[in-house]
Amino acid sequence: MVWPPLGAGLAPPTPSGSRGRGRGAAGHVTPRGGAGVGAMSRRERGPEPGPGGAEAAAEDAALAEPESLDQCLSLLPWDRFSAWLHCVCVVGFDLELGQAVEVIYPPHSKLTDKEKTNICYLSFPDSNSGCLGDTQFCFRFRRSPGRKVSLCCFLDQLDRDLPVYLKKDSAYYYGYVYFRQVRDKSLKRGYFQKSLVLISKLPYVHLFRTMLKQIAPEYFEKSAAFLEAVCSDVDRWPPPVPGKVLQLPIMGVIMKLRIPTYRDKPGTTPIVQNMHQADAQISMALPTVHEVDLFRCFCPVFFHIQMLWELVLLGEPLVVMAPSPAESSETVLALVSCISPLKYCSDFRPYFTIHDSEFKEYTTRTQAPPSVILGVTNPFFAKTLQHWPHIIRIGDIKLPGEVPKQVKVKKLKNLKTLDSKPGVYTSYKPYLNKDEEIVKQLQKGVQQKRPTEAQSVILRRYFLELTESFIIPLERYVASLMPLQKCISPWKSPPQLRQFSQDDFMKTLEKAGPQLTSGLKGDWIGLYRHFLKSPNFDGWFRSRQKEMTQKLEALHLEALCNENLVFWSQKHTEVETVDLVLKLKNKLLQADREHLPVKTDTLKKLQTHINDIILALPDDLQDILLKTGTT
């Protein structure tokens, strides 16, 4: 099986002034933040050839961009707010209309009718959940197509420095919910039911969960004016710059956090110190912006974590049946994160209802279930999704006071209703032998009453090492497809990467396979064959293709800079010289537009070459060329 060349399908760029706005042609260029397992791939490839690499440019850009972004985002009201949130909604229950959006703030925020309907139904637990009191959970839904984002260029700059699994997906919104249901005899229904919902493109579940804990209880007491004050606070936040310690004030409390960057070593979380505040504000340091309590989520399916890792890695259809949206959403997010630093490239819905706009698409029996992870709570799904190949049934998530009991994998035919016993219902046979060590280690932790945070760290490290052992052979093979630097000529187009051959890759596994970093035995070859057909491989491969093609373009630029272009122009005709100038300007525009991993000095040097060549030409040509391709 042979894939098309890695560089195929990437059309040569055309000059465009409008798409490169915000910076001059020779401005700072930030390298793209490592596709796939970017940080790991760079370590595996070792030092990349050629003078000046991505790291130096990345460090320069990381220092230079936040200030300019901060200035840009302060130009218009609500720009800073929009960098973090799309809007804040209040969803209530109307006896005649049912669930309805009562408030959208800021008032100018745009939501389509379809988006509003999705938010209405996804912001309330199913009636069977019986969630009395306060409940927090999250959901994810499709954005309506065709809407432009005014801050797109700024947010894209921030997105480049994120790890691949935290990059925003412009096709989806997240909804972070704080739902309150309490008895109230003064109301006809007998209950007060309301949700405060934060709508955002950012997958920062822990940050927004913490924020809601701070503001929602007070909002339910003070209502509209309080919500306006909250949004005004958010509109004073600095932009969400990765790698920088941020202080986010919210109603008298300062949340301190650091958003990860692609340069961070996978599995490490730099500690944010809780500094003493000089004024009366309370300070709160967040250990993470996006992680969930992994051990707590996987407790109900304790003995099947390795099999679940395989199912997520392979993009298999998975449904999580849980008693409430809190359990379903946390479990789905835990599953998606277990293959980090790989990005889960299929759709996932932490909380999914029968009213969802994709309900028919995802529950049809006329075709095989799609590659998606659904979290559900309605008993109706036990029948509707009976044809799905892998079903996780969980009860109430509680931290065990005793060692969890071994639970066998159950046959799908035994899953009759949502009341069926907790467990994993599947006929899937794992490719790898079970790792008993991790189970024993976590069981020992339960017996010794080890804190759940420590158990989660152990589990996260286990998943990380397993994923890295699996992906490193692929990284090593793909890196070998890169042409040698001596093949890069300034006078020819950059060479293309060699084709990916499944057979060639499989041959490398005998000597350079996962056995070098993992002691796990089993059918690794079978696991790779299955993975190469999955959406996760396709997404990873496309990211690496883009990263490596951009690296070749950057090396080609450096090769051009090292040539004496003025001397070349003196030996060629005016027509050829003008053609060269236009091509060089095109290269500069491409470097800016695609954020090629090139040092700023290289771009300045190339701009100097262009200017020197133009100045050696007749005056009429100088006037034309100085104006061409710079706007």
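Good morning. The protein I am presenting contains 21 helices and 13 strands, and the model is a predicted one. Of its 631 residues, 55% count as buried. Where contacts join residues at least 6 apart in sequence, 76% of them link residues at least 24 apart. The accessible surface comes to about 28700 Å², and carbon and sulfur atoms account for 53% of that area.

Let me turn to the aromatic residues. The whole structure holds 36 aromatic pairs. One of them is formed by Phe352 and Phe381, in a tilted arrangement with 6.0 Å centre to centre and 50° between the planes. Phe352 lies in the loop between strand 10 and helix 11, and Phe381 in helix 12, so this pair ties together parts that are 29 residues apart in sequence. Both Phe352 and Phe381 are buried.

A second pair, Phe500 with Phe541, is edge-to-face, at 5.5 Å centre to centre and 85° between the planes. Here, too, distant parts of the chain are linked: Phe500 belongs to the loop between helix 14 and helix 15, Phe541 to helix 17, and 41 residues separate them. Phe500 and Phe541 are both buried. They also belong to one aromatic cluster, whose members include Trp309, Phe470, Tyr528 and Trp540.

Arg140 brings charge and aromatic rings together. Its charged end sits over the ring of Tyr172, 3.8 Å from the ring centre. Arg140 also lies over the face of Phe348, at 4.0 Å from the centre of that ring.

I come now to the salt bridges. Side chains of opposite charge can pair when their charged atoms come close. In this model the count is 21 salt bridges. Glu102 pairs with Lys194, their closest N and O atoms being 3.1 Å apart. This bridge connects strand 2, which holds Glu102, to strand 5, which holds Lys194, across 92 residues of sequence.

Arg544 is buried, with a relative accessible area of 0%, and Glu547 is buried at 12%.

Finally, salt bridges that share partners join several residues into one network, among them Arg140, Asp169, Arg349 and Glu358. Within it, the closest N and O atoms of Arg349 and Glu358 are 3.0 Å apart. Arg349 is buried at 0% relative accessible area, and Glu358 is buried at 3%. Thank you.

Definitions and conventions. Residues are numbered from 1 along each chain as its sequence is written. This is a predicted model: local features need pLDDT of at least 70, side-chain atom pairs count only at pLDDT 80 or more; totals for chains, interfaces and linings use all residues. Side-chain values use heavy atoms; hydrogens and water are left out. Helices (H or I, at least four residues) and strands (E, at least two) are DSSP runs, numbered from the N terminus. Buried means under 20% relative accessible area, exposed over 50%, partly exposed in between (1.4 Å probe, protein chains only). Contact means heavy atoms within 4.5 Å. Accessible areas come from the Shrake-Rupley method with a 1.4 Å probe; for residues, only the protein chains shown count as cover. Rings of Phe, Tyr and Trp (its six-membered ring) pair if their centres lie within 6.5 Å; planes under 30 degrees apart count as stacked, over 60 as edge-to-face and the rest as tilted. A charge sits over a ring if NZ of Lys or CZ of Arg is within 6 Å of the ring centre and within 35 degrees of the ring normal. A salt bridge is a side-chain nitrogen of Lys or Arg within 4 Å of a carboxyl oxygen of Asp or Glu.
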